[in-house]
Amino acid sequence: MRIAEIVGTELTWNQPSVWKNIYHLYAGGEQIAVLAYDSVFRIRGAIQTADGCWAFRQRGFWASAVDFSLCGSEQSVAVYERNFWKGGGVFVLPYEHRLNVKFHAWKGEISITLPGSEQILLHYRRQSAWRVSGIFTLTPAAERIPSLPLAVYMGWYAQIQAIRDQMAAAAA
């Protein structure tokens, strides 16, 4: 199932096992994507979907930018510029299209908007304080996003990473 077919639908994602760095995305009970980290330090991985396959790679261990490329390619097609201190960042999609990412730590939510707009296009919400799982919604306004599938999966990555960062900070 492709993202364009499910705009306006609530999607769910979960981590089937706390022992594996693999996350599944579902639409109406049907698995539509898998996000898997392929390194112990969780700085690399891939997102497999019907829309395509994207690899992600964090620039260095402490870096605040994450590059997304087509699987099998080293050339970046998009970047997530994280801003840890402000909670969120910016997605830089192909052709320099930008989306603002705002992480609400206390609510466990991420909202994605166009620059200069408060209208939420994509909304990710943590489902449980005990499990790395969540729900997200693509509003009908999300259809305006160039490279919509990539933006959706980058948002999914951003939500998982934000939760993992929160858990690491709590454990420290």
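Strands, in the sense used here, are DSSP runs of E at least two residues long, numbered from the N terminus. In this predicted model, strand 4 spans residues 44–49 and strand 5 spans residues 53–58. The two strands run antiparallel and are joined by five bridges. Within this pairing, Ile-47 is placed opposite Trp-54 of strand 5. Strands 4 and 5 form a hairpin, with three residues between them. The turn of the hairpin includes Gly-52, whose phi is positive, at about 150°.

Strand 5 also pairs with strand 6, which comprises residues 65–70. This second pairing is likewise in the antiparallel sense and extends over five bridges. Here Gln-58 has Val-66 in strand 6 as its bridge partner. In a regular strand, side chains alternate between the two faces of the sheet.

Glu-96 lies in the loop between strand 8 and strand 9. Its phi is near 60°, again a positive value in a residue other than glycine. Glu-96 counts as exposed because its relative accessibility is 57%, against a cut-off of over 50%.

Terms used
Residues numbered from 1 in each chain as written. Predicted model: local features only at pLDDT ≥ 70, side-chain atom pairs only at ≥ 80, totals over all residues. Heavy atoms only, no water. Pairing = 2+ DSSP bridges. Helix = DSSP H or I, 4+ residues; strand = E, 2+ residues; numbered from the N terminus. Buried < 20%, exposed > 50% of the residue type's maximum accessible area, 1.4 Å probe, protein only.
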